Amino acid sequence: MAPSGSNPLGPVFQTVAAFSRRLLIAPDTAPDDHRLRPLLSLSLSPPAPLPPAPPPPPEVLKQMDTKVAPLTKEEVGRATWMLLHTIAAQFPDEPTRQQKRDAKELMALLSRIYPCKECADHFKEVLKANPVQAGSQAEFSQWLCYVHNVVNRSLGKTIFPCQRVNARWGKLDCPDRACDLEGSNDIVPNR
Ligand SMILES: Cc1cc2nc3c(=O)[nH]c(=O)nc-3n(C[C@H](O)[C@H](O)[C@H](O)COP(=O)(O)OP(=O)(O)OC[C@H]3O[C@@H](n4cnc5c(N)ncnc54)[C@H](O)[C@@H]3O)c2cc1C
């Protein structure tokens, strides 16, 4: 217990003052005091360089080796068909008017900005001869299969059997149908 009349925090202050002195930070020390310079230079010097990073593991190196760009016409085509057939597989059984419009708009946009002019021009002709049918999931995926076959035929590729389109491009593997579009497969009045 501190004697009465003296500051009860006195011992604490004394300990802090002693500690400060040991660190050469006396209360009356000017900022440019020579005793502080080693400490200041310590805090202002640039950080030590990091040690070199270890080499990436072989599986990452293999991925880095694979070509990512520029893509070929074939690669873009495969990726685009994959997206389109997946959109069709996930298309609602009972699409809203907006969803039907979106499907048509998507195809029209593709025929204008597809990143291969010759393909886009050809697809425009394909769409003119085969207007988008998107009244239901089944109708849209069958229509897409048909127009994909039109493109296949023009390129001398094998014709895909459209009765197998659901087996090839099924709905996404999402637990609890979490990937379904909002209100997608409920019977809802057209908006
Ligand atoms: C809109 C569009 C227009 C194109 N136009 C041209 C063009 O004018 N000239 C050109 O050189 N390339 C064009 N391409 C690219 C071309 O269609 C192919 O994508 C590319 O040649 C690669 O072919 P692929 O043999 O790997 O299979 P892709 O035709 O890309 O098909 C990918 C996969 O889809 C499946 N599949 C094939 N046919 C069907 C079908 N009918 N229904 C459902 N699934 C099917 C198969 O499993 C196949 O492996 C176009 C692509 C798109 C998206």
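Guide: This is a predicted model. In it, the crossing of H5 and H6 is left-handed.

Visitor: At what angle do H5 and H6 pack, and how far apart are their axes?

Guide: The angle between helix H5 (residues 97-113) and helix H6 (residues 117-129) is about 145°. Their axes lie 7 Å apart.

Visitor: Which residues meet there?

Guide: From H5, the residues are Met107, Ala108, Leu110, Ser111 and Arg112. On the H6 side they meet Ala120, Phe123, Lys124 and Leu127.

Visitor: How many of the residues in that contact are nonpolar, polar or charged?

Guide: Six are nonpolar, one is polar and two are charged.

Visitor: On to the core, then. How many residues does the largest nonpolar core have?

Guide: The largest nonpolar core has 21 residues. Those with the most contacts inside it are Met107, Phe123, Val132, Phe140, Trp143 and Leu144.

Visitor: What does Phe140 touch, leaving aside neighbours within four places in sequence?

Guide: Phe140 is in contact with Ile87, Ala88, Phe91, Ala103, Met107, Val132, Gln133 and Ala134. Met107 and Val132 are, like Phe140, among the core residues with the most contacts.

Visitor: Changing topic to the backbone: what is the phi of Asp176?

Guide: Asp176 has a positive phi of about 55°, although it is not a glycine. Most residues other than glycine have a negative phi. Asp176 is placed in the segment after helix H8 (165-168).

Visitor: And what about the phi of Arg177?

Guide: Arg177 also has a positive phi of about 55° and is not a glycine. Arg177 is likewise in the segment after H8.

Visitor: Is Asp176 buried or exposed? And Arg177, buried or exposed?

Guide: Asp176 is exposed, with a relative accessible area of 78%. Arg177 counts as exposed because its relative accessibility is 51%, the cut-off being over 50%.

Visitor: Last topic: which residues does the UniProt domain annotation cover?

Guide: The unreviewed UniProt entry annotates residues 69-169 as "domain: ERV/ALR sulfhydryl oxidase". Over residues 69-169 the chain is 69% helix and 0% strand, and the end C-alpha atoms are 26 Å apart.

Definitions and conventions. Residues numbered from 1 in each chain as written. Predicted model: local features only at pLDDT ≥ 70, side-chain atom pairs only at ≥ 80, totals over all residues. Heavy atoms only, no water. Axes fitted to C-alpha atoms, helices over the stretch in contact; angles between N-to-C directions. Helix = DSSP H or I, 4+ residues; strand = E, 2+ residues; numbered from the N terminus. Left-handed = near helix turned anticlockwise from the far one by under 90°. Contact = heavy atoms within 4.5 Å. Nonpolar A, V, L, I, M, F, W, Y, C, P; charged D, E, K, R; others polar. Core = buried A, V, L, I, M, F, W, Y, C linked by side-chain atoms within 4.5 Å. Buried < 20%, exposed > 50% of the residue type's maximum accessible area, 1.4 Å probe, protein only. UniProt positions renumbered as here; feature names shortened; annotations may be inferred.
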